[in-house]
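Please work through the exercises below with the sequence and the model side by side. Each task is followed by a solution that goes step by step.

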Amino acid sequence: MLLDTGIEARADFAAMQQAAAHFIERIGQRPMAIGTFGGTPTIVATFEDERQAVLLKLAAVSAETREGSLLLQGASLAGRTIQATGTLFSAVVILSATTADASRDAAEAMIAPIVDSNAILHVIGHRQGQSPGGGGRSNPSRRELAEQSGGEFTVIYSAASYQAALDRLADRLT
């Protein structure tokens, strides 16, 4: 699971974090890693971490960065992390608070690890989040990537809807 910790995510972050914790509890004991993609994308909890440790690490994450959301760079990191496990089935769930992606690398280089991981990509994006100046990549590339991987791109219109979207996804995954 990847959480948006970019500057645009501050208003949504508490709801996003609470919804993520509920989702983790709902999906049972499946291995789970947590990453962030505000500023430099980072994996904060690994697949080897016990469930309680994953939840504690999730609770410690904050959206304090002054940088933008690097969604594709974060997804690329998730793809490389999944590839390293050698798993045959996986999903990447991305909670995004903005419509723009400030990723700086070439799109092809970022997309390759996602595709190579064979992960199904599910993106839940808040429509109201807007980057200052509207720069960066927009929703269509994320929508296409999610759909091509067999996943979904879900648009929400309020922070409270992260929970409903993740509940629906948890029902589908279990």
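**Exercise 1: the sheet and its middle**

The model is a predicted one, in which local features need pLDDT of at least 70 and side-chain atom pairs count only at pLDDT 80 or more, while totals for chains, interfaces and linings use all residues. Residues are numbered from 1 along each chain as its sequence is written, and side-chain values use heavy atoms, with hydrogens and water left out.

Task: find in which order the six strands form the sheet, and which strands stand at the edges.

Solution. Begin with the elements themselves: helices (H or I, at least four residues) and strands (E, at least two) are DSSP runs, numbered from the N terminus. The six strands form an open sheet with mixed pairing, in the order β3-β2-β1-β4-β5-β6. At the edges stand β3 (42-45) and β6 (153-156), each with a single partner strand, so one side of each has no neighbour in the sheet.

Next, follow the pairing of β4, where two strands pair if DSSP finds at least two bridges between them. With β5 (residues 120-126), β4 pairs in the parallel sense over six bridges, and in β5 the bridge partner of Ala91 is Ile120. With β1 (residues 2-3), β4 also pairs in the parallel sense, over two bridges, and Leu3 has Leu95 of β4 as its bridge partner.

Finally, consider burial, where buried means under 20% relative accessible area, exposed over 50%, and partly exposed in between (1.4 Å probe, protein chains only). Five of the six residues of β4 are buried, so this strand is largely enclosed by the rest of the structure.

**Exercise 2: the largest pocket**

Task: describe the volume of the largest pocket and the residues by which it is lined.

Solution. On a 1 Å grid over the protein atoms alone, a pocket is an open set of points with protein on both sides within 12 Å along at least five of seven lines, and lining residues have an atom within 4 Å of a point. Grid points are joined across faces, edges and corners, and a volume is the space filled by probe spheres set on the points. The largest pocket has a volume of about 520 Å³. It is lined by 23 residues, of which Pro31, Met32, Phe47, Ser90 and Ala91 lie nearest its centre.

As for the elements, β2 (34-36), α3 (71-85) and β4 (91-96) each supply at least two residues of the lining of the largest pocket, and the largest share, four residues, comes from α3. By class, with Ala, Val, Leu, Ile, Met, Phe, Trp, Tyr, Cys and Pro as nonpolar, Asp, Glu, Lys and Arg as charged, and the others, Gly among them, as polar, the lining of the largest pocket divides into 17 nonpolar, five polar and one charged.

Definitions and conventions
1 Å grid on protein atoms, 1.4 Å probe; cavity = no way out; pocket = protein on both sides within 12 Å on 5 of 7 lines; lining within 4 Å.
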